[in-house]
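Keep the viewer open as you read.

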Amino acid sequence: MTFGSSAATRRQAIPIAIEGLTKTYGRVHALDSVSLSVGAGEFVSILGASGSGKTTLLMAIAGFTRPSSGSIRFGARHVTLLEPHKRNIGMVFQSYALFPNMTVAGNVAYPLRLRGVGRSEIAERVAKALQTVRLEGFGDRAIDQLSGGQRQRVALARAIVFGPDILLMDEPLSALDKKLREQMQIEVRHLHRELGLTTIFVTHDQHEAFTMSDRIALIDKGRFVQIGSPTELYNAPASRFVADFVGQSYFVPVSVASGTASLGNRPLRLARAAAYSVADQFLVLRPEHLRVMSPGESEGDDNILAGRFKELIFQGESYLAFVDLPGGVPIALRLSGHQVEAVRALDIGSTLRMALSPEYSLVLP
Ligand SMILES: Nc1ncnc2c1ncn2[C@@H]1O[C@H](COP(=O)(O)OP(=O)(O)OP(=O)(O)O)[C@@H](O)[C@H]1O
Ligand SMILES: [Mg+2]
C-alpha cells in the first residue's frame, strides 16, 4: 500500500545542523550539548527511553522550546531563537492535536488559512493532501467519526499541506495497535520518499526506528550515545548501552591478558581488531548470530562456545534455545530450519557447541 502519486509539489530539501544544544530545567539537563547534522531530504529518528530528551529536542527544533545554549540552523539560516511560525515546519504530535469541532477538510485547511491562502487554492491543496494520505472523499467527516489510523493521516495531511521545508514527528504512531502501526510505518516511509522532505521522527520503539530511518540518533539522559545507520547501530554498537538498547544482547565475560582477549583458553577472533582495547571485557552475543555446530564439526575460523542446553521454545517464526555457558552465564540462540531439529534431539543438560563468526564477534567495555 502506498500513498497516491499526486502529492504536494516536491520542494528543495533543506539540511539541519544542530550544535551543542543544551536545555536545562533547574538542575535537570533535558538536553546536554547535543549535536546532529541531518542531510537535505534525510530521514533521521531520535530513539530513546522515556525521559531521555526526545520531545525537548523536537520542540527546540520547532521553536516551542528556547534552548539554554547551542545553535540550530536550517540550511544557511540561523533559527535558534526564531518564532515557530517563521520556521516553515510541518509537525505531527503524538496526541494528533486535531481540532475536534472542525471537519477533516477544516483541519487540513487550517495552516493554509493562517497563511492567508485564497479559498479556491485551499480547496485544491486540501484535496491533494487528503489524496496523498489516501483519505480522498473524507473531507466532510467529523474527526470523531474517524479511526485512530485515519486521524493520524489527517494530522499528516495537515503537516504537509502548506509545503513545509522540514517535517517533525513526535511518536505519531504510538497510539495505534501493532498491525496498523506497522502498516503506517511503511506508509510514512513511502510518503517521505515521495515528498523528499528532511524529516526527524521521534520514537522509543527500536523496530520502528529501524524500519523507517536512514539514520538513527540514540539518546540517553539528554546526550547522543551513537548516531549511525540502522546496520551500524546493530552490528557495531559503540557501547554496551547501545548493544543492550538495540536488539537483544548477552554479555559474556572474556579474559584479557597482554593485549589478547580470550574465551576459555582460546584467543578470540574479532571483527575489528584495531578497535579493540584492553578495557574491553565483554563479548557481545546476539541470539541470531550464533550457529549450532554439528557433532564432530571442526573449528574452522569461527569462535567456539560450549554450554549446557536448557530449553527450546517455539515463538512462531523461529525458536529460541536457552543455554548456560560455563560460569552459569545464560544466553539464547535464535534458530530456524534444520538447526531446530539438531537441538530438539538433544537431552536437557547435554553440551551444545556453538560457532560465532568473527564478523559478529565484538568485545566492549
Ligand atoms: N517543562 C519542563 N519542566 C521541567 N522538566 C522538564 C520539562 N519538560 C521536560 N522536562 C524534563 O526533561 C527530561 C526530558 O523530557 P522529554 O519530554 O524531552 O523526554 P522524552 O524523551 O520525550 O520522554 P517520553 O518518551 O516520555 O515522551 C525529563 O526528565 C523531563 O522530566
Ligand atoms: Mg516525549
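Sort the residues lining the largest pocket by class and you get 14 nonpolar, 3 polar and 2 charged. Keep in mind that this is a predicted model. The pocket holds about 480 Å³ of space. It is lined by 19 residues, and those closest to its centre are Phe 64, Ile 89, Leu 114, Arg 115 and Phe 162. Which elements give two or more residues to that lining? They are strand E6 (89-92), helix H2 (104-114) and helix H4. Empty space of this kind shows up when a probe the size of a water molecule is rolled over the atoms.

Two of those lining elements, H2 and H4, also pack against each other, with their axes 7 Å apart and an angle of about 30 degrees between them. Angles under 35 degrees count as roughly parallel, so H2 is roughly parallel to H4. Their crossing is right-handed. On the H2 side, the contact uses Val 104, Asn 107, Val 108 and Pro 111, and these meet Val 154, Ala 157 and Arg 158 in H4. By class, that makes 5 nonpolar residues, 1 polar and 1 charged.

Stay on H2 and turn to its other partner here, helix H3 (residues 119-132). How do the axes of H2 and H3 cross? They come within 9 Å of each other, at roughly 120 degrees. Because of that angle, H2 counts as oblique to H3. The H2/H3 crossing is right-handed. H2 brings Val 104, Ala 105, Val 108, Ala 109, Leu 112 and Arg 113 to this contact, while H3 answers with Ile 122, Arg 125, Val 126, Ala 129 and Leu 130. Here the classes come out as 9 nonpolar, no polar and 2 charged residues. If you're colouring residues as you go, note that Val 104 and Val 108 meet H3 and also turn up in the contact with H4.

Now go back to H4, which spans residues 148-160, and look at how it packs with helix H5 (residues 178-195): the angle is about 15 degrees and the axes lie 12 Å apart. That angle is why H4 is described as roughly parallel to H5. This crossing, too, is right-handed. From H4 come Gly 149, Gln 152, Arg 153, Leu 156 and Ile 160, and they meet Leu 180, Gln 183, Met 184, Glu 187, Val 188, Leu 191 and Leu 195 in H5. The class count for the H4/H5 contact is 7 nonpolar, 3 polar and 2 charged.

One last stop takes you to Pro 267, which sits in strand E14 (residues 266-267). What does Pro 267 touch, once you leave out residues up to four places away in sequence? Its contacts are Thr 260, Ala 261, Ser 262 and Asn 303.

Conventions
Residues are numbered from 1 along each chain as its sequence is written. Chains are lettered from A and ligands numbered from 1 in the order in which they are written. This is a predicted model: local features need pLDDT of at least 70, side-chain atom pairs count only at pLDDT 80 or more; totals for chains, interfaces and linings use all residues. Side-chain values use heavy atoms; hydrogens and water are left out. Axes are lines fitted to C-alpha atoms, for helices over the stretch in contact, and angles run from 0 to 180 degrees between N-to-C directions. Helices (H or I, at least four residues) and strands (E, at least two) are DSSP runs, numbered from the N terminus. Angles under 35 degrees count as roughly parallel, over 145 as roughly antiparallel, 65 to 115 as roughly perpendicular and the rest as oblique. A crossing is left-handed if the near helix is turned anticlockwise from the far one by less than a right angle, and right-handed if clockwise. Contact means heavy atoms within 4.5 Å. Ala, Val, Leu, Ile, Met, Phe, Trp, Tyr, Cys and Pro count as nonpolar, Asp, Glu, Lys and Arg as charged, and the others, Gly among them, as polar. On a 1 Å grid over the protein atoms alone, a cavity is a set of points where a 1.4 Å probe fits but cannot get out, and a pocket is an open set with protein on both sides within 12 Å along at least five of seven lines; lining residues have an atom within 4 Å of a point. Grid points are joined across faces, edges and corners, and a volume is the space filled by probe spheres set on the points.
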